[in-house]
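Open the model in your viewer and keep the sequence panel beside it. This tour goes stop by stop: what to select, then what is there.

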Amino acid sequence: MTVQNPIVKNVYRGNGSTTVFPYTFALNDTDGQYVKVLIADENDIETAVENFSVDTEAKTVTYPTSGEPLPEGYKIVLRRALPYTQELNLENQGPFFADDIEAELDRIVMQVQQQDEQLERAVKVQASSDIT
């Protein structure tokens, strides 16, 4: 896989009936546990929720898994939140599989994209500024 899609989150508005929301960010089939869901109320106060399920084959999130659908005026945020770890262990004189290397490089790109999305929302000053 290559990671050419820079999207790390999707935001949808509630309508009182929809419970299945697609995600469009890159995610390995085994990383469904790294999708986080936030609900923003009509005042944009966000709350992390756990009452959801992820289908990595269909690339969808079902929220809620039980209870009332997201009402109008509310938003749901689906985010990829991979941990900042490196899991590939290459052994000296051991096997060297291109698929393993590519998967780990893809994961690193996804992690960088997550950081970039957060930095884009941060308050910034000009590079020439004396403000620290």
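Is Lys9 buried, partly exposed or exposed? Select Lys9 and show its surface. Its relative accessible area is 32%, so Lys9 is partly exposed. Keep in mind throughout that this is a predicted model.

**Stop 1: from Lys9 to the helix**

Lys9 and Glu117 form a salt bridge, with 3.0 Å between the closest N and O atoms. This pair ties together distant parts of the chain: Lys9 sits in strand 1 (residues 9-13) and Glu117 in helix 1, 108 residues apart. Lys9, Glu117 and Arg121 are linked in a network of salt bridges.

**Stop 2: other salt bridges**

How many salt bridges are there by this rule? The count comes to six. Select Asp44 and Lys75 for another one; their closest N and O atoms are 3.1 Å apart. Here too, distant parts of the chain are linked: Asp44 is in the loop between strand 3 and strand 4 (46-49), Lys75 is in strand 7, and 31 residues separate them. Asp44 is partly exposed, because its relative accessible area is 48%.

Move on to Lys124 and Glu120. Their side chains meet in a salt bridge at 3.7 Å, N to O. Both of these residues are exposed.

**Stop 3: a buried arginine**

Select Arg80, in strand 7. Arg80 is buried yet has no salt bridge. Asp31 is the nearest side chain of opposite charge, and it is 8.0 Å away. What lies 3.1 Å from a polar atom of the Arg80 side chain? The backbone oxygen of Met110 does. Show the surroundings of Arg80. Beyond four places in sequence, Arg80 touches residues including Ile7, Val8, Phe25, Tyr34, Gln113 and Gln114.

**Stop 4: the aromatic rings**

A search of the whole structure finds two aromatic pairs. Select Tyr23 and Phe25 for one of them. Their ring centres are 4.8 Å apart and their planes are at 20°, so the pair is stacked. Tyr23 has 3% relative accessibility, so it counts as buried. Phe25 is at 1%, so it counts as buried too.

**Stop 5**

In soluble globular proteins, nonpolar side chains tend to be buried together. Select Val37, Ile39, Ile76 and Leu78. Among the 13 residues of the largest nonpolar core, these four touch the most other members. Strand 3 (35-40) and strand 7 (75-80) each supply at least two residues of this core. Strand 3 gives the largest share, three residues.

Now centre on Leu78. Leaving aside neighbours within four places in sequence, its contacts include Val8, Lys9, Tyr12, Phe21, Tyr23, Phe25, Val37 and Val61.

**Stop 6: out to a loop**

Finish at Asn92. It is found in the loop between strand 7 and helix 1 (98-120). Is Asn92 buried or exposed? At 73% relative accessibility, it counts as exposed. Draw a distance from Asn92 to Val49, C-alpha to C-alpha. The two are 43 Å apart in space and 43 residues apart in sequence.

How values were computed: Residues are numbered from 1 along each chain as its sequence is written. This is a predicted model: local features need pLDDT of at least 70, side-chain atom pairs count only at pLDDT 80 or more; totals for chains, interfaces and linings use all residues. Side-chain values use heavy atoms; hydrogens and water are left out. Rings of Phe, Tyr and Trp (its six-membered ring) pair if their centres lie within 6.5 Å; planes under 30 degrees apart count as stacked, over 60 as edge-to-face and the rest as tilted. Buried means under 20% relative accessible area, exposed over 50%, partly exposed in between (1.4 Å probe, protein chains only). A nonpolar core is a set of buried Ala, Val, Leu, Ile, Met, Phe, Trp, Tyr and Cys residues joined through side-chain atoms within 4.5 Å. Helices (H or I, at least four residues) and strands (E, at least two) are DSSP runs, numbered from the N terminus. Contact means heavy atoms within 4.5 Å. Lys and Arg count as positive and Asp and Glu as negative; His and the chain ends are not counted. A salt bridge is a side-chain nitrogen of Lys or Arg within 4 Å of a carboxyl oxygen of Asp or Glu. A polar contact is a pair of N or O atoms within 3.5 Å; within protein, one must be able to donate a hydrogen and the other to accept it, and residues adjacent in sequence count only if both atoms are side-chain atoms.
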